[in-house]
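Welcome, and please take a moment to look over the sequence and the model before reading on. The report below starts with the ligand and then turns to the backbone.

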Amino acid sequence: MKSFFEKDAVELTPDGKELVILDQTLLPNQEKYITITTAEQLFYAITLLKVRGSHAIGISAALGLAMCMNRFETNDLRVFESEFLRVKRYLAISRPSAVDLFTDLNRMESCFYEQMSCAEDGAGAISLIKERLTAEARNIKLEKIRTCLAIAEYGFSLLKPGVTIMTYCNAGYLAVSRYGTALSPIFLAQENGYMPKVYACETRPLLQGARLTSYELGKAGVDVTLICDNMASIVMSRKKVDIIFVGADTVAANGDVINKVGTSGLAILAQHYGVPFYVLCPSQTIDKDRPTGYDVKIEERPGYEVTEMYYEKPSAPVGTKVYNPAFDVTPNALITGIITENGISK
Ligand code: MRU
């Protein structure tokens, strides 16, 4: 599948010492890559959504952890271990609702201890562990990118030429680092001459749909129409919407889906209007340890994102109370299918 960006949204430099990310807060006005060299810079890049989207968060945490350890100089294995655990635990609290962050960091920890168990003390052992951590983080990224290609094929199998798709938030190239989940079948449909039409919901309050999805799809030449979130009902009732594709931050063991706040409302509308509603994500996003969606922590974000962030002047009286949950739970009963690299299930 073609890529429409100069490079991946998250990349580790060949020497493993710098993490380069496309700053998503500057889009669509500026396509700027920033260089990250410390755990603190990465932590803020994740919390401020410079890098965002569940899978890109996991990838950047894994690559970032490797990068921090590559820059850390010591000959003492115990000191190296305690720095590894400090950085890992610190990055793990950057965002709470996306399971990939924890899975990918835990995988890095398993890799660390596998190497440590067969290592002698000293500099040689440390440099071997650094190499293995770097390779593991790069594999995490590559596996997710490959997974997106399989998801693209399964999603594409549901589409017909001239199809109209609705999507929410951004589950594309930027949310993984290449291709994407919910958007990857659309890119494939475009490449295959299906001329797909897409309604992108703007996704209040941080406008991932407006700023990022319409940007990505536009770059790929897809016919995309932006709507405010509260227009989804009239669009489904008056226009032709064949199918809805969204991503996921976590899928609970019972198939409930945690995704950007507003997803559940769209699923309720989809049921009302009889529009098939699909969730696209790697199988690793299914968290067997969370029995239902209500067992997943929902991130709450600051009120200024609702009242000020994308306005020239405040959009509400100063001091207005704001409730700003970043995600919601879509019950499995509202979902037509969950598409992973292994196929389509319910
Ligand atoms: O707060 P964000 O922008 O990180 O939320 C992103 C979403 O909700 C995406 O739909 C989800 O992470 C899937 S990304 C492939």
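## Around the ligand

Domain 1 (10-150) and domain 2 (153-345) each give at least three residues to the shell around the ligand; the domain bounds come from an automatic or database domain assignment. This is a predicted model, in which local features need pLDDT of at least 70 and side-chain atom pairs count only at pLDDT 80 or more, while totals for chains, interfaces and linings use all residues. Residues are numbered from 1 along each chain as its sequence is written, and side-chain values use heavy atoms, with hydrogens and water left out.

Which residues come nearest to the ligand? Of the 16 residues around it, they are R52, R95, D249, N259 and K260; a residue counts as near if one of its heavy atoms lies within 4 Å of the molecule. By type, the shell holds five nonpolar, seven polar and four charged residues. Here Ala, Val, Leu, Ile, Met, Phe, Trp, Tyr, Cys and Pro are nonpolar, Asp, Glu, Lys and Arg are charged, and the others, Gly among them, are polar. Helix 2 (54-71) and strand 9 (257-260) each supply at least two residues of this shell. Helices (H or I, at least four residues) and strands (E, at least two) are DSSP runs, numbered from the N terminus.

| Residue | Protein atom | Distance to a ligand oxygen atom |
|---|---|---|
| R52 | side-chain N or O atom | 2.5 Å |
| G53 | polar backbone atom | 3.0 Å |
| R95 | polar side-chain atom | 2.8 Å |

Taken alone, the ligand exposes 420 Å², and the protein buries 100% of that; accessible areas come from the Shrake-Rupley method with a 1.4 Å probe.

## Backbone features to look for

Now let us follow the chain itself. A cis peptide bond, with omega about 10 degrees, joins L27 and P28. You can find P28 in the loop between strand 2 (19-22) and strand 3 (33-36). The peptide bond from R204 to P205 is also cis, with omega near 0 degrees, and P205 belongs to the loop between strand 5 (197-201) and helix 8 (208-219).

Where is M195 found? Its place is the loop between helix 7 (184-191) and strand 5. M195 has a positive phi, near 50 degrees, in a residue other than glycine.

Conventions
A polar contact is a pair of N or O atoms within 3.5 Å; within protein, one must be able to donate a hydrogen and the other to accept it, and residues adjacent in sequence count only if both atoms are side-chain atoms.
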